[in-house]
Amino acid sequence: QEKLPANFSEKYPLEILIAEDNDVNQKVIIYILNKLGYHPHVAANGEIAIEMARKKQYDMILMDMQMPVMNGLQATNFIRANFEVQPLILALTANTMGGDQEACIAAGMDDYVSKPVKLEEITDRLQKWSKAKKKMAPHTAK
């Protein structure tokens, strides 16, 4: 277990939105991201996530697959079809078996994180996608 780099969020700056309806999962993910220096926002379902993403440009949305009102796949489809500036979307899925991963990618998600969320996995994804984002959009870096 490596110690958390104190400057992790400075090295990998990302505006993060968590779309997750489960209170316990929200708390765990927020706790981990706070430890890394991030200050994520939270939406309780896909519909709220879309509304929040309309008002603020997030770099990354951690999108739970199973939410009431509008699930992660529906919300991702909507964002992919309607947003001019596209955030990275990582599925939060408890079911990494049985085709969930393929469904995530097919819906236009960039990657996935399995639940319960583990520190190593989330830091790995944040590093990977922060670097990819830098490569993709040098013109947005001010």
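1. Two aromatic pairs turn up here, counting rings of Phe, Tyr and Trp (its six-membered ring) whose centres lie within 6.5 Å. In one of them, Phe8 and Tyr12 have ring centres 4.8 Å apart and planes at 45°, so this pair is tilted (planes under 30 degrees apart count as stacked, over 60 as edge-to-face, the rest as tilted).

2. A quick word on the ground rules: this is a predicted model, where local features need pLDDT of at least 70 and side-chain atom pairs count only at pLDDT 80 or more, while totals for chains, interfaces and linings use all residues. Residues are numbered from 1 along each chain as its sequence is written, and side-chain values use heavy atoms, with hydrogens and water left out.

3. Are Phe8 and Tyr38 buried or exposed? Both are buried (under 20% relative accessible area; exposed is over 50%, partly exposed in between, with a 1.4 Å probe and protein chains only). Phe8 has 3% relative accessibility, and Tyr12, at 8%, is buried too.

4. Phe8 also pairs with Tyr38: the centres are 6.3 Å apart and the planes at 75°, so that pair is edge-to-face. It joins distant parts of the chain, 30 residues apart: Phe8 sits in helix H1 (residues 8-11), Tyr38 in the loop between helix H2 (23-35) and strand E2 (41-43). Helices (H or I, at least four residues) and strands (E, at least two) are DSSP runs, numbered from the N terminus.

5. Now for Ala106, in helix H5 (residues 100-106). Ala106 is exposed, with a relative accessible area of 68%.
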